[in-house]
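Hi everyone, thanks for coming. Let me put the structure up, and then we can walk through a few parts of it together.

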Amino acid sequence: MLKSLYFKIVLILLIFIVAVMAAVGAILLNGVTSFYMDDFAAQMTECFEPEGFLMRDLTEAARAENAPSRMKDVLSSYRNILGIDEFRNYYVLNTDGDTLYGSDPELGAELIMTPNLLSAISGSETNLRGGGMDYADWAVRIHPEGKGTSEESGDCVVYIKDSLEEMRQLNSVLFSIIIQSMIIGVLIAVLLSFFLAKSISSPLQSLTYDTQLVASGEFSHEIEVSSADEIGVLAENFNYMKERLRSTLDEVNGERQKLDTVLSGMRDAVVAFMADGTVLHSNVSAEELFGDELRENRLMLDDCLEKLDLPMTDGIDGLDLTTADGVEITRDGYIFHDRITDGKVYDVGYARLRYSPDDGAEQEIGCVFIIHDVTARYELDKSRREFVANVSHELNTPLTAIKGATETVRADPEMDPDTRDYFLDMVLSESDRMHRIVSDLLTLSRLDNNRTKWDIETFDMRAFIRRICEVMRPELTAHRHRVTFGSERNMPEITADRQRIEQVVINILSNSIKYTPDGGQIDIVLTHKKKQTVTLTVRDNGSGIPEEDLEHLFERFYRVEKSRTQDAGGTGLGLAIAKELVEAHGGTITIASKLGEGTTVKIELPVECRLKTEKN
Ligand code: ADP
């Protein structure tokens with residue numbers, strides 16, 4: 001309230017009115033006093049003019065026997081001219097200062113010896129204007145003509161003293177008039193200031209209200225321009241400013257939304273940090289990477305560096321990442337290659353966030369990390385390297401054997417025929433092995449590059465399995481395995497590439513033959529699900545597979561216990577090829593196994609495979 005503009009305007013006007021009235025009053029009262037004093041002095045000067053009637057009569061009266069009494073009479077007769085009344089008196093004094101006569105009814109009261117009176121008693125003829133603050137006086141020494149010196153003749157002093165009571169009464173009347181005018185003035189001022197303050201503060205109040213609305217984000221409200229004065233101009237300017245602010249905010253929001261859309265659409269995780277290490281911005285992928293720590297705003301720069309296995313820092317200023325492994329320095333920052341975290345591999349881009357104000361030097365306000373998941377590429381690179389190493393190794397072994405056998409035969413032309421046959425058989429079997437590897441690799445390569453030529457036909461699975469068992473009979477017999485084959489009734493025919501499926505079944509069956517000790521049991525079962533899918537189960541009671549190897553069985557060149565399986569003639573490509581072929585048909589292949597107890601392979605194929613006949 002006390003700080004309001006309204007109160008200030010009223011107060012200023014009141015102070016102004018009171019100050020003006022006080023100044024006017026003071027000047028007026030002072031003017032009245034001064035006028036009264038001047039008037040008294042002028043009147044006295046005129047009355048007591050040396051050649052005037054009063055002085056002549058007084059001088060004459062002074063010569064008489066009873067001079068003081070005669071002088072009193074003269075003064076009394078000049079009463080009107082001298083302005084004698086209840087407030088102004090005349091006195092006749094002797095040169096000793098004793099009051100002899102006077103118009104004052106209380107003559108006995110002692111007269112104060114004023115400077116004018118003392119000066120007249122002493123014989124001087126000068127009177128000072130204005131005797132004091134509470135009186136005005138005039139004293140004249142009367143010397144009778146024709147008498148000797150003043151001492152012997154007994155001069156008298158005529159003394160006029162005005163108590164200024166009349167002036168005081170006038171002043172008090174004036175004072176009360178001034179006070180009354182002041183009260184009326186104050187009332188008028190209050191009334192006027194009320195209207196004035198209202199006319200100024202009302203538009204300002206509504207302007208204040210409107211600005212508060214704008215400050216709270218309410219831009220739709222238009223400020224009413226009710227006048228053409230400065231306040232009206234202010235309101236108009238404010239409306240303009242509000243519009244500019246709204247369009248600027250819209251632009252900023254638009255840009256922000258675009259940025260958000262771009263960031264959220266990015267598969268790379270983006271997280272920006274402020275200079276104090278707290279998160280400034282992040283996207284959905286970053287939330288997936290950093291989890292609840294980021295979602296709950298707990299993630300700090302150091303946590304991010306730690307997770308990405310980057311050097312720790314005391315904040316952005318001390319951040320020196322040039323020492324990190326695999327760093328590549330770019331124009332705007334760094335890229336750190338192959339950071340491994342949580343079993344995934346990332347390329348991490350790092351850049352400093354800079355801000356250049358219009359009127360100042362560039363400041364560093366934070367940094368941003370762009371985290372690109374390169375696990376797939378990394379794995380691919382790794383598997384390619386491993387693949388090349390595996391192929392080299394797999395081919396190297398038979399090649400070494402062939403070379404050794406050939407050199408041995410060549411070095412000894414006299415070698416007996418049995419030994420020569422032994423070495424030549426070795427060359428043949430190792431060549432076969434190499435041929436198998438190369439043809440398996442070719443099969444995989446064609447599958448990888450979608451260059452496999454499919455030959456789709458419809459056939460009965462039961463007859464198909466029986467035929468394969470017949471084909472493999474010599475091998476089964478050689479290992480003395482017992483084979484059973486069971487099938488559900490009403491098995492549907494399937495449409496697939498017969499030769500490829502045959503290759504798959506032979507791979508699985510020959511694995512069971514190879515990895516089951518002689519005299520083992522192999523059960524083949526054929527079932528279907530609502531004539532939609534057909535499932536072939538091959539179960540053996542062989543060596544089984546350790547649990548930790550199960551997930552790797554379909555990888556190329558993966559073999560459990562390399563030496564054992566190599567002896568069995570395996571290449572480590574059979575299951576990889578089987579998986580590729582089954583999946584190409586839209587089916588699945590799974591292996592369940594227990595070490596020492598046996599292995600079960602399940603192949604599920606759709607009755608109608610998704611491959612089309614290709615005749616190229
Ligand atoms: P390979 O040509 O070496 O047999 P596969 O890809 O067919 O290659 O099989 C991969 C590995 O899985 C084999 O080396 C073998 O160790 C294991 N394996 C596959 N089938 C069986 C099975 N029925 N019993 C035990 N081990 C098996």
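Lys-514 has a side-chain N or O atom 3.2 Å from an oxygen atom of the ligand. I call that a polar contact, meaning a pair of N or O atoms within 3.5 Å; within protein, one must be able to donate a hydrogen and the other to accept it, and residues adjacent in sequence count only if both atoms are side-chain atoms. Tyr-515 also places a polar side-chain atom 2.8 Å from a ligand oxygen. On its own the ligand exposes 530 Å², and the protein buries 98% of that (Shrake-Rupley areas with a 1.4 Å probe).

Before going on, please remember that this is a predicted model: local features need pLDDT of at least 70, side-chain atom pairs count only at pLDDT 80 or more, and totals for chains, interfaces and linings use all residues. Residues are numbered from 1 along each chain as its sequence is written, and side-chain values use heavy atoms, with hydrogens and water left out.

So, who surrounds the ligand? There are 20 residues, and the closest are Asn-511, Tyr-515, Asp-540, Thr-571 and Leu-575; to be near, a residue needs a heavy atom within 4 Å. By type, the shell has seven nonpolar, ten polar and three charged residues. Here Ala, Val, Leu, Ile, Met, Phe, Trp, Tyr, Cys and Pro are nonpolar, Asp, Glu, Lys and Arg are charged, and the others, Gly among them, are polar. Helix 15 gives the most, with three residues. Helices (H or I, at least four residues) and strands (E, at least two) are DSSP runs, numbered from the N terminus.

Now the strands. Strand 14 (residues 521-529) pairs with strand 12 (residues 482-487) in the parallel sense over six bridges; pairing takes at least two DSSP bridges. Phe-485 has Ile-524 of strand 14 as its bridge partner. Strand 14 also runs antiparallel to strand 15 (residues 533-540), joined by eight bridges, and His-528 is partnered there with Val-534. In the hairpin of these two strands, three residues lie between them, and Lys-530 takes a positive phi near 50°.
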